[in-house]
Amino acid sequence: MATDFKSIPIIDIAPLLAKSDDPKMGQDPDVAQVVRQLDRACKEAGFFYVKGHGIPKTLLKQVKNLTRKFFELPYEEKLNIKMSADSGFRGYQRIGENITKGVPDMHEAIDCYKELKPGMYGDLGKPMEGPNQWPDNPPEFKVLMEEYISLCTGLSKKIMRGIALALGGSPYEFEGDRAGDAFWVMRLIGYPAARSTNTSDVPKNDVGCGAHTDYGLLTLVNQDDDITALQVRNHSGEWISAPPVPGTFVCNIGDMLKIYSNGLYDSTLHQVINSAPKYRVCVAYFYETNFDTAVEPLDFCVEKTGGAKKFERALYGEHLVNKVQTNFG
């Protein structure tokens, strides 16, 4: 459960990555230190920054730069990859089209998902079937984004090994039937500049993304280096800023990890308000369970939390489809 944290910790995960393929990684003192930091961050804030993650800073910048170039295109050109239910909810959303708790969000986005082949998950997967819609312009967009997704997937898997150890399990708790074929989501998001310099009272329709928790296991956020807009809510209800730390990812845990941990770790409410006088870009990668996984509290987490399951089992794909259909205006 989130505490009254006032800032978000920065964790150097290089020692974890160096040993991430060693089944005995938990016995390494440097790994153990990272695991303790992850445990504390997940318990106290549900958010943390990671450095030493191995993804080049140049690539983090390239991904944001290409995203910005796309959003600078004429509206008509962006509509070439317009999202719809027929496209498996993949593609471009105009400003105000994404809905959070009934209120339009002031951002535009490209939504991408791990591609599902027709019939792969029967009726469960049908609404999400179809290829991702990548723009022709900028020309290198698809290749660069697919490389980035591959690196984020590998990194997330390794961080989840550390989190599995932090919970008290084996490093491989979130593999196999749980997340061995992890689904992923990526949102390339653009937030318009603030309409005025008076930010003391931001009206609802100036909220870039309303207060929400994420659906899955782990989120990696690659945000612009010079604009503070992401806010995280602590236990007292205060909104704590997550300012950019160049070269890092902001990470947070999602609803499925909350269930697996039986509430040891909570998915924390967060929102985005761009009060800067310029456009803001953010690339959010979401690492999930397998699409058809039935998520329920892990036995050893139940033991740690009094012996009773605090959450019903949730079918990840069903949870996602319900959220996607509700969020699309």
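The structure is a predicted model, in which local features require pLDDT of at least 70 and side-chain atom pairs count only at pLDDT 80 or more, whereas totals for chains, interfaces and linings use all residues. Residues are numbered from 1 along each chain as its sequence is written, and side-chain values use heavy atoms, with hydrogens and water left out.

Grid points are joined across faces, edges and corners, and a volume is the space filled by probe spheres set on the points. The largest pocket holds about 610 Å³ of space. Its lining comprises 36 residues, of which Cys209, His212, Asp214, Tyr215 and Asn327 are the closest to the pocket centre. The elements contributing two or more residues to this lining include β7 (184-191), β14 (280-287) and α9 (316-327); helices (H or I, at least four residues) and strands (E, at least two) are DSSP runs, numbered from the N terminus. By class, the lining of the largest pocket contains 18 nonpolar, 11 polar and 7 charged residues, where Ala, Val, Leu, Ile, Met, Phe, Trp, Tyr, Cys and Pro count as nonpolar, Asp, Glu, Lys and Arg as charged, and the others, Gly among them, as polar.

The count of cavities of 30 Å³ or more is 1. The largest cavity has about 40 Å³ of space and is lined by Lys114, Leu116, Met120, Tyr121, Asp181, Phe183, Asn290 and Phe291. These lining residues divide into 5 nonpolar, 1 polar and 2 charged.

Strand β14 also contains Val281. Val281 counts as buried because its relative accessibility is 0% (buried means under 20% relative accessible area, exposed over 50%, partly exposed in between, with a 1.4 Å probe and protein chains only). Beyond its neighbours within four places in sequence, Val281 is in contact (heavy atoms within 4.5 Å) with Lys64, Thr67, Arg68, Ile189, Asn222, Gln223 and Asp224.

The loop between α5 (122-125) and α6 (141-167) holds Asn132, which is buried at 10% relative accessibility. The side chains of Asn132 and Arg90 are joined by a polar contact of 2.9 Å (a pair of N or O atoms within 3.5 Å; within protein, one must be able to donate a hydrogen and the other to accept it, and residues adjacent in sequence count only if both atoms are side-chain atoms). Pro138 lies in the loop between α5 and α6, and the peptide bond from Asn137 to Pro138 is cis, with omega near 0 degrees.

Most residues other than glycine have a negative phi. Phe89 has a positive phi, near 60 degrees, and is buried at 7% relative accessibility. Asn262 likewise has a positive phi, near 55 degrees, and is buried at 0%.

Definitions and conventions. 1 Å grid on protein atoms, 1.4 Å probe; cavity = no way out; pocket = protein on both sides within 12 Å on 5 of 7 lines; lining within 4 Å.
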